[in-house]
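Here's a quick briefing to read with the model open beside you. Have a look at the fold first, then work through the topics below.

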Amino acid sequence: MSEFLRRFAADFARLDGHSLDRLDALYSADILFRDPLHELRGLPALRGYFAGLYADLRELRFDFQGFDQVRDGEGYLRWTLSYRHPRLGGGAPIRVEGCSHLLWRDKVYRHRDYFDAGALLYEHIPLLGTMIAWLKRRLA
């Protein structure tokens, strides 16, 4: 079990729109951050991304279930993201499971998130969500 991963997850879970200055303690200046929707390079870009994210959401929470170090400086976090957005899903809570692959030295320099982008976003957009639900029923 990795103490680094546990500490990173606890610090990350405490982030909000008013504490983005703490990203410097978690990530290196040359961070490469990827998820199914974005690729960002550098701490200023990551800070801008998170600032926009927190500005649009009513609520955002990560619950971490797994801390899996595979070798020195490399591991995975398994998590559930819960959030509420006024224009998605009628403002109801949305939950998505995912995992993060992290590479670190003293700080994380590569962060890649894996999750279902449809479950996170597309299924909750009014017209698009209806079409996706229809497609899922047809393919089931």
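Helices (H or I, at least four residues) and strands (E, at least two) are DSSP runs here, numbered from the N terminus. This is a predicted model, so local features need pLDDT of at least 70 and side-chain atom pairs count only at pLDDT 80 or more, while totals for chains, interfaces and linings use all residues. Residues are numbered from 1 along each chain as its sequence is written, and side-chain values use heavy atoms, with hydrogens and water left out.

**Overall picture**

- The protein has five helices and six strands, and from the N terminus on they come in the order α-α-β-β-α-β-β-β-β-α-α.
- Of the 140 residues in the protein, 41% are buried; buried means under 20% relative accessible area, exposed over 50%, and partly exposed in between (1.4 Å probe, protein chains only).
- Take the contacts (heavy atoms within 4.5 Å) between residues at least 6 apart in sequence: 47% of them join residues at least 24 apart.

**Strand pairing around β4**

- Two strands pair if DSSP finds at least two bridges between them.
- β3 (residues 59-71) runs antiparallel to β4, with 11 bridges joining them. The two form a hairpin with two residues between them, and Gly73 in the turn has a positive phi of about 80 degrees.
- On its other pairing, β4 is joined to β5 (residues 94-104) by 10 bridges, again antiparallel. One of the bridge pairs here is Tyr76 with His101 in β5.
- β5 goes on to pair with β6 in the antiparallel sense over seven bridges, and a hairpin of three residues joins these two strands. Gly98 has Phe115 as its bridge partner in β6.
- β4 is mostly covered, with eight of its 11 residues buried.

- Ser82 sits in β4, which spans residues 74-84. Ser82 counts as buried because its relative accessibility is 4%.
- Beyond its neighbours within four places in sequence, Ser82 is in contact with Glu59, Leu60, Arg61, Asp63, Ile94 and Arg95.
- Arg78 is also a β4 residue, but it counts as partly exposed because its relative accessibility is 39%.
- Arg78 is the bridge partner of Gly66, and in β5 Arg78 has Cys99 as its partner.
- With neighbours within four places set aside, the contacts of Arg78 include Asp63, Phe64, Gln65, Asp68 and Gly98.
- From Arg78 to Phe62 is 16 residues in sequence and 9.8 Å in space, C-alpha to C-alpha.

**The nonpolar core**

- A nonpolar core is a set of buried Ala, Val, Leu, Ile, Met, Phe, Trp, Tyr and Cys residues joined through side-chain atoms within 4.5 Å. In soluble globular proteins, nonpolar side chains tend to be buried together.
- The largest one has 32 residues, and those with the most contacts inside it are Phe8, Phe12, Tyr27, Leu46 and Leu77. Elements that each supply at least two residues of this core include α1, α2 (23-26), β1 (27-35), α3 (43-56) and β6 (108-115).
- Not counting residues up to four places away in sequence, Phe8 touches Leu26, Tyr27, Leu77, Leu102, Val108 and His111.
- Ala9 belongs to helix α1 (residues 3-13) and is buried because its relative accessible area is 2%.
- The C-alpha atoms of Ala9 and Phe62 are 8.7 Å apart, although 53 residues separate them along the chain.

**The cavity**

- On a 1 Å grid over the protein atoms alone, a cavity is a set of points where a 1.4 Å probe fits but cannot get out, and lining residues have an atom within 4 Å of a point. Grid points are joined across faces, edges and corners, and a volume is the space filled by probe spheres set on the points.
- The structure holds one cavity of 30 Å³ or more, and the largest cavity has a volume of about 50 Å³.
- Its lining consists of Phe8, Phe12, Phe62, Phe64, Leu77, Trp79, Ser100, His111 and Asp113. At least two lining residues come from each of α1, β3, β4 and β6.

Note on methods
On a 1 Å grid over the protein atoms alone, a cavity is a set of points where a 1.4 Å probe fits but cannot get out, and a pocket is an open set with protein on both sides within 12 Å along at least five of seven lines; lining residues have an atom within 4 Å of a point.
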